[in-house]
Amino acid sequence: MPTYARRVAPFGTTVFAEINTLASQHQAVNLGQGKPDFDGPSDIIEVVIDALKTGKGNQYPSGLGVAELREGIAHHQEKFYGLSLNPNTQVQVTCGASEGVYASILGVVNEGDEVILLEPFFDTYLPAVLNAGGIPRYVPLYPPTWSFDRDELRAAFNEGTGAIIINSPHNPTGRVFSRGELEFIAELCQEHDVIVISDEVYEHLVYDNHRHIPMATLPNMFERTLTISSAAKTFSFTGWKVGWVTGHETLVTGVWRIHQNITFSINAPAQYGIAHALGYDEAYYQSLHALYDGKRHLLLNALRESGLKADAPQGAFYIMTDFSELFDGNAEDFARFLITEVGVATIPPSTFYCTDHAHIGSKHVRFAFCKNDDVIHKAAERLLTLKKKV
Ligand code: PMP
C-alpha cells in the first residue's frame, strides 16, 4: 500500500494534540497551548471585513505581501529598533511566523550545513532543518536562568556551521537574551560566517527591566540575520496566520523563493487588518504590556501558593514551573496527573527537546498565561488542591 515519504516518518503528532484531547475529556482548565482566549482590537476586525466587502482583499495579493502591510512592517522596525528597511526588497509576508521560520530555513540553509539549535526550542524548527538537509547541533539552556554555557556554544561552531536559530523572548522558558549574550552569539557568527535566524514573535512581551534587542541591530549583524515576527502575539490574532520575515535582500530573496513555491501569497483581508494595526501608537503597546504583566503576576502567585517553584519569566507568556518538590515522576506523568486529578492542563517540555538534554527540563511543565483572568483564577483555585492530592 502506498504510504508517506520516509522524510516525514520521524515527525509524529506533537504532545499538544494529546494534552488538548485529555484536557477536554477531563474538563480541565487549559493553560497548555499558547493561544489567547480573547480577541485583538475590534477595529482591526472592521478593516478586515471592509477588505472583504469592498473586494479589496478577495483576489491573490502580491506574493511579497500587500504593500500597506510591508510598509507597516518596515515602519515598525524603524520606530522600535531604528532599522531602516526597503519594503519592496527586505520584507516578506508569510503564513504566520511558522511559515516564516520554515521558508527562512529552507531559503538559506544548504544541504550538509550544520544548524545550531538552543534546546529547548519551538518544535517546528527541527523538521525544517531536516527538510533543508541541514545537520542539527544542539546546545542546551540551563535552568533556573535558562542561559547557555559559553564554552558549549563556542564548541558547537565550526567551519561547517551554516546557521543558528535563536528565539528571544523565548518559548517555552520566557528567557530574554541580554545584550551580552547576543553579542557573544554575534561574534561567533561573524568569526565563522554564520547566518542567524532570529524568531522574535514575542518581541512586545518583555517585563520588568528586560529589553528586547533584535539581533539585526547589533553591529555587522543586519546582513547575516533573518528576523521573524508575527501578528499572532502582538495583536492577539493567532488564527489569522499573518507573519513576516525581514532582513538583507540577499537573504530575503532565499525566503521569497521558498514562499512562492509553498503558498505564493497569504490571505489578503487579514493583511489589510494587520497593516492598520501596525499604525497604532505607543498606547497600544503599553496596554498590551500591562494586560500581560497583570496575567503574569496572577499566575505566578497562583503557582507559588500551590507549592510549585516558579521564577518570574522575563518575556513571552509562559511560566516554566519546577514541580520536583511536590511530585516524583517525569513531566509527562505530572502533566497527566494535573489534568486528571487537579483539572489543569499544561505542556510538558519534552516536545521542545529532541536529545537527551530533555532530562534538563524533565522536572518542569509550561503554563501559559495568555488567558482571561477568570480562567487563571479558576486554575488558581484548582491548583490550591494540588498539595493534598500528590
Ligand atoms: N515561533 C514561536 C517561538 C512561537 O511560539 C510560535 C507560536 N506559538 C510561532 C513561532 C508561530 O507563530 P505563528 O502563529 O505566527 O505561525
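Relative accessible area is used here to sort residues into classes, a residue being buried under 20%, exposed over 50% and partly exposed in between (1.4 Å probe, protein chains only). The structure is a predicted model, in which local features need pLDDT of at least 70 and side-chain atom pairs count only at pLDDT 80 or more, whereas totals for chains, interfaces and linings use all residues. Residues are numbered from 1 along each chain as its sequence is written, and side-chain values use heavy atoms, with hydrogens and water left out.

The charged pairs are considered first. A salt bridge is defined as a side-chain nitrogen of Lys or Arg within 4 Å of a carboxyl oxygen of Asp or Glu, and the count by this rule comes to 11 salt bridges. Helices (H or I, at least four residues) and strands (E, at least two) are DSSP runs, numbered from the N terminus. Arg224 is buried, its relative accessible area being 15%, whereas Asp193, at 55%, is exposed.

Lys309 counts as partly exposed at 45% relative accessibility, and Glu325 counts as exposed at 61%. Salt bridges with shared partners also join Glu18, Asp333 and Arg336 into one network.

The ligand is surrounded by 13 residues, of which the closest are Ser98, Asp199, Tyr202, Ser230 and Lys241; a residue is taken as near a molecule or strand if one of its heavy atoms lies within 4 Å of it. An N or O atom in the side chain of Ser98 is 2.5 Å from an oxygen atom of the ligand, and a polar side-chain atom of Asn171 lies 2.9 Å from a ligand oxygen atom. For Asp199, a side-chain N or O atom is 2.6 Å from a nitrogen atom of the ligand. Taken alone the ligand exposes 400 Å², of which the protein buries 92%, the accessible areas coming from the Shrake-Rupley method with a 1.4 Å probe.

The space taken by the ligand is the largest pocket. On a 1 Å grid over the protein atoms alone, a pocket is an open set of points with protein on both sides within 12 Å along at least five of seven lines, and a molecule sits in a pocket if more than half of its atoms lie within 2 Å of its grid points. The elements giving two or more residues to the shell around the ligand are α4 (96–108) and α8 (231–234), and α4 gives the most, with three residues.

Backbone geometry is described next. Ser168 and Pro169 are joined by a cis peptide bond with omega of about -10°, and Pro169 lies in the loop between β6 (161–167) and α7. Another cis peptide bond joins Asn171 and Pro172, with omega of about 15°, and Pro172 is likewise placed in the loop between β6 and α7. Gln27, a residue other than glycine, has a positive phi near 45°; Gln27 is found in the loop between α1 (15–25) and β1 (29–30) and counts as exposed at 63% relative accessibility. Ala316, in the loop between β10 and β11, has a positive phi near 60° and is also not glycine, but Ala316 is buried, with a relative accessible area of 0%.

Conventions
Polar contact = N/O pair within 3.5 Å; in protein donor to acceptor, adjacent residues only side chain to side chain. 1 Å grid on protein atoms, 1.4 Å probe; cavity = no way out; pocket = protein on both sides within 12 Å on 5 of 7 lines; lining within 4 Å.
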